[in-house]
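Keep the view open beside you as you read.

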Amino acid sequence: MSRTVLITGATGTVSTALINALEGADVRLRALVREEFKAAGPRERGAEVFVGDLDDARSLPPAFEGVQDVWLLTPNGPRAPEHNMNAVWAARQAGVERVVRLSVVGAAHDAPNRSGRLHALSDRETERCGMRWTILRPHWFMQNLLNEAGDLAATGTFSLNMAAARVGMIDARDIAECAARVLLDDPDRHHGQTYTLTGPRSLTFDEVAGHLSLALGRSITHVPVSDDAKRKTLLGYGVPQWIVDMLEEYARAYESGWGDFTTDTVADLLGRPPRDVADFARDHAAAFAPAVDN
Ligand SMILES: NC(=O)c1ccc[n+]([C@@H]2O[C@H](COP(=O)([O-])OP(=O)(O)OC[C@H]3O[C@@H](n4cnc5c(N)ncnc54)[C@H](OP(=O)(O)O)[C@@H]3O)[C@@H](O)[C@H]2O)c1
């Protein structure tokens with residue numbers, strides 16, 4: 001009989017790509033969303049949708065009942081370990097067999113950023129959850145560049161506070177395909193494994209601008225800015241202070257060379273090289289295109 005997979009974070013970047021990656025596979029898809037009005041996307045792709053909130057442990061049991069595999073994604077924020085705890089507990093109570101958890105590159109108790117340290121707490125909990133488990137630790141998402149799409153489309157520039165940082169960035173679709181591979185393989189195959197996932201190359205943002213220029217057919221420039229300038233911009237857009245502080249910690253770490261590496265893990269799992277930033281740029285060209293006046 002087909003296994004039932006519960007996808008948490010089902011409206012987000014990675015989980016949406018995971019639902020796409022699992023389309024047509026021999027699994028029963030179930031999606032957790034926070035509000036009923038967000039059910040349409042996952043439902044259209046064949047998922048049975050449950051409403052629940054990782055903030056609220058009492059809302060979770062129905063979604064986990066009858067599930068064999070959980071894709072566990074916790075949103076960024078100070079309550080991430082509580083979210084993980086609530087989901088792991090609901091999974092244990094429901095007799096779930098396997099948890100595949102999205103963590104982050106470099107998660108460790110001594111990581112130079114709060115997200116890495118929080119993820120380390122949830123990784124430890126997951127390793128001792130009593131179920132089969134696999135942890136994915138992806139590098140910086142290429143999809144983060146979509147946050148710059150407005151500026152990029154309007155001015156042909158994007159501004160980051162990472163100066164000459166070199167980062168082994170990954171396309172989130174590859175993370176999703178690795179997650180799908182793990183979920184579709186036998187539960188014992190990847191049990192106890194922690195996979196660090198990167199793209200094919202470690203790139204500076206000047207190099208990223210070069211690849212965007214080629215893929216989009218117009219000149220794109222990376223304009224390095226100070227932490228204070230980036231902080232002001234993000235706060236102006238309404239990004240919460242905690243997230244702004246977290247992003248600054250990452251920027252400092254990346255500038256020190258912390259993210260300058262790649263692994264072969266995506267190729268090992270998928271049997272093909274990871275997508276390049278040029279693939280990402282081509283596939284998202286519409287998002288970076290200047291607005292057309294009618
Ligand atoms: N960005 C990066 O470069 C990077 C790199 C490595 C790892 N990561 C990790 O990736 C994760 C984020 O993945 P993503 O970018 O795919 O996420 P995302 O697009 O920000 O989506 C977050 C998802 O979580 C849901 N959610 C938020 N609060 C919730 C709650 N209280 N209960 C249940 N669901 C809730 C959201 O639902 P709504 O639609 O209701 O908001 C949404 O579906 C984080 O753990 C982050 O540390 C990120």
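A nitrogen atom of the ligand sits 2.8 Å from a polar backbone atom of Leu54, a polar contact in the sense of a pair of N or O atoms within 3.5 Å. In total, 26 residues surround the ligand, the closest being Thr11, Arg34, Lys38, Asp53 and Thr74; a residue counts here if one of its heavy atoms lies within 4 Å.

Before going on, please note that this is a predicted model, in which local features need pLDDT of at least 70 and side-chain atom pairs count only at pLDDT 80 or more, while totals for chains, interfaces and linings use all residues. Residues are numbered from 1 along each chain as its sequence is written, and side-chain values use heavy atoms, with hydrogens and water left out.

Now to the helices, which are DSSP runs (H or I, at least four residues) numbered from the N terminus. Two packed helices are described by the angle between their axes and the distance between the axes. Each axis is a line fitted to C-alpha atoms over the stretch in contact, and angles run from 0 to 180 degrees between N-to-C directions.

Take helix α1 (residues 13-22) and helix α7 (residues 172-184): they pack at about 55 degrees, with axes 8 Å apart. That makes α1 oblique to α7, the class left over once angles under 35 degrees are called roughly parallel, over 145 roughly antiparallel and 65 to 115 roughly perpendicular. On the α1 side, Thr13, Val14, Ala17, Leu18, Ala21 and Leu22 make the contact, and among their α7 partners are Ile175, Ala176 and Leu183, where contact means heavy atoms within 4.5 Å. By class, this contact has 12 nonpolar, 1 polar and 2 charged residues.

How do α4 and α5 cross? The axes of helix α4 (residues 80-94) and helix α5 (residues 114-127) come within 8 Å and cross at roughly 15 degrees, which means that α4 is roughly parallel to α5. Here Ala80, Pro81, Asn84, Met85 and Val88 in α4 meet Leu118, Leu121, Ser122, Glu125 and Thr126 in α5.

Finally, helix α9 (residues 227-236) and helix α10 (residues 241-255) pack at about 150 degrees, with their axes 10 Å apart. That makes α9 roughly antiparallel to α10. Asp227, Arg231, Leu234 and Leu235 in α9 meet residues of α10 including Val244, Asp245 and Arg252.

Key: Helices (H or I, at least four residues) and strands (E, at least two) are DSSP runs, numbered from the N terminus. A polar contact is a pair of N or O atoms within 3.5 Å; within protein, one must be able to donate a hydrogen and the other to accept it, and residues adjacent in sequence count only if both atoms are side-chain atoms. Ala, Val, Leu, Ile, Met, Phe, Trp, Tyr, Cys and Pro count as nonpolar, Asp, Glu, Lys and Arg as charged, and the others, Gly among them, as polar.
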